[in-house]
Amino acid sequence: MRVLQIVKYGEIKDSLAFNEVSKPAVQATDVLIEVKAAAINPIDKSIVLGNLQGLLPIPFPSTSAYDVSGIVVEKGDDVSNFEIGDLVYSRVPQEQMGTIAEYVAVTSEAVSKKPGNISFEEAAGIPLAGLTALQSLEFAGIKANDRILIHAGSGGVGSLAIQYAKAKGAYVYTTTSTENVQWVKELGADRVIDYKTEDYKTIAKDVDIVYDTLGQKYTAEAFEVVRKGGQVISVVGPLDEETAKMFGMADYKLPEELATLSAEKDASYKFIFMHPNGAQLAEIKTMVEDKKIKPIVDTIYPFTESVAAFTHLETGRAKGKIIIKIN
Amino acid sequence: MEELIEKIKSNHSLSQEAEDYLHSISSKKSFAKGEVLIRQGQQVQNVYFVTDGCLRSYCYDKNGKEHTLQFAIKNWWISDYIAIHSDESATLTVECLKESEVVKFNAKDLELMLTLFPEFERFQRKILERHVVSLNKRILNQLQLTASERYTLFITQYPEIEQYTHNYHIASYLGITQESLSRIRVENAKH
């Protein structure tokens, strides 16, 4: 079968190649998915560039990407919750990475039936970003009337987080650039802050939760706008100590600046490391079918133009997800 | 099964021998919400008479989006008739929208019954006639009525179906978007 593989760490244009490989073997707990569409995320670009060599080393060549939607064409003997012919979507586990391919074998625990009211291409763009948003906001215990600041509302994670937070009844502040203000408003955010013309720190004050999807200075700034006793949740900042221990970093300490800010505000800091979860994708499926969450697709590329899809991702200017149509 | 026998006898004569034969080729089945009776792409052998619950038949297009063809509630029949009468793989999936009970018949057994008991043929013909009328009406409604009128007709004819269905099931059945359906519901609620 044809796949898009990472052949070395380096620039996008030098590091990706189409190869012919065997169809994946199906273990007892796996389903084999005929891939209709895959989606690429910032983590896919980071892996190619070599920025995650320490945390997520990969052998060469490795088939790229984690997000998929397609049809179950085979299943392992121990799989009872899916049948041949089911339309599904998934964010595959690290060891099964490789959805820019004609087929992918995935443990059934990471798979869910896809929302029936959207296409394969729209469904493929949901898993990684949707699970990131759901797991982050569920960790924060988001509930009705919570006030939350979600950075980068036009991004893959941000756009889904806005919708999830609104579905839970929260009041949502979000930041985005001028050209995205209108459509981000249409996602349901209560106060959209144009960071090009407004200072978000003067608008989103004393919020219960800050959802940091930007990192760098924004992680520290989160403690300026969160209320005393509030929560800062990040998916791009430094690890928190508990998460670092999970990765075997027993002596890890939160950077001093963040530790001080956190203590002064009595506000907690948590890094969320997204993990595959079929049951949570089933929850998202219902929300999509009930129109509480809608997928946002920027561009659908044919399989043959997968490298162009990565180049587009690299610009950081996509409004929604970048999808690769495989079959 | 008794509901089906009663339904047949209400308008047709049915000999004891035919009634016993019908019993012998039927089996009562219970399904949980979400269970699938017929799956798109597979071979189809059975037709189902609904004695309780609510089912839906649908297909998905090449983009992966679902389109509802039919709902079935108590005393309705449901199957993939294209597959059965054309000897092709199923083009539809039939699923339970709530816990349901059905009487299952093998299509070939029913076909044989028509040969053995000609009086049963009249019952089958009447079902088919009503089905043709229903399909023609549905096509004409699609051509002549507004979306709002089609929705009003739908909930008048099938008031209980809405409580078991997703918004998108009904929207696709009526051939409209979910957004349009929501707008129509809001408008209807005002009047």
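**An exposed loop residue**

A:T202 counts as exposed, because it has 9 C-beta neighbours inside 10 Å, and the cut-off for an exposed residue is 12 or fewer. The model described here is a predicted one.

- A:T202 lies in the loop that connects β11 with β12 (207-212) of chain A.
- Although A:T202 and A:V225 are 23 residues apart in sequence, their C-alpha atoms are 8.5 Å apart in space.

**The six-stranded sheet of chain A**

- Six strands of chain A form an open sheet with parallel pairing, in the order β11-β10-β9-β12-β13-β14.
- At the edges of this sheet are β11 (191-194) and β14 (268-271) of chain A, each of which pairs on one side only.
- On average, neighbouring strands of this sheet are turned by 15 degrees against each other, direction ignored.
- Four bridges link strand β13 (residues 226-234) of chain A with β14(A), and the two pair in the parallel sense.
- Within β14(A), A:S268 is the bridge partner of A:Q231.

**A largely enclosed strand in chain A**

- Strand β5 (residues 67-75) of chain A is largely enclosed by the rest of the structure, because seven of its nine residues are buried.
- Strand β3 (residues 30-40) of chain A runs antiparallel to β5(A), and eight bridges join the two.
- In β5(A), A:G70 is the bridge partner of A:V35.
- β5(A) is also joined by five bridges to strand β6 (residues 87-91) of chain A, and these two strands run antiparallel.
- A:S90 in β6(A) is the residue opposite A:V68.

**The four-stranded sheet of chain B**

- Chain B contains an open sheet of four strands with antiparallel pairing, in the order β1-β8-β3-β6.
- Its edge strands are β1 (26-31) and β6 (77-78) of chain B, and each pairs on one side only.
- Strand β3 (residues 46-52) of chain B pairs with β6(B) in the antiparallel sense over two bridges.
- B:W77 in β6(B) stands opposite B:F49.
- Helix α4 (residues 107-116) of chain B packs on this sheet and touches β3 and β8 (100-106) of chain B. The direction of helix α4 makes about 60 degrees with that of β8(B).

**Contact between the chains**

- Chain B places 13 residues in contact with 15 residues of chain A.
- The side of chain B that touches chain A consists of two nonpolar, eight polar and three charged residues.

Technical notes: Residues numbered from 1 in each chain as written. Chains lettered and ligands numbered in written order. Predicted model: local features only at pLDDT ≥ 70, side-chain atom pairs only at ≥ 80, totals over all residues. Pairing = 2+ DSSP bridges. Axes fitted to C-alpha atoms, helices over the stretch in contact; angles between N-to-C directions. Contact = placed C-beta atoms within 7 Å. Nonpolar A, V, L, I, M, F, W, Y, C, P; charged D, E, K, R; others polar. Buried ≥ 20, exposed ≤ 12 C-beta atoms within 10 Å, placed from the backbone.
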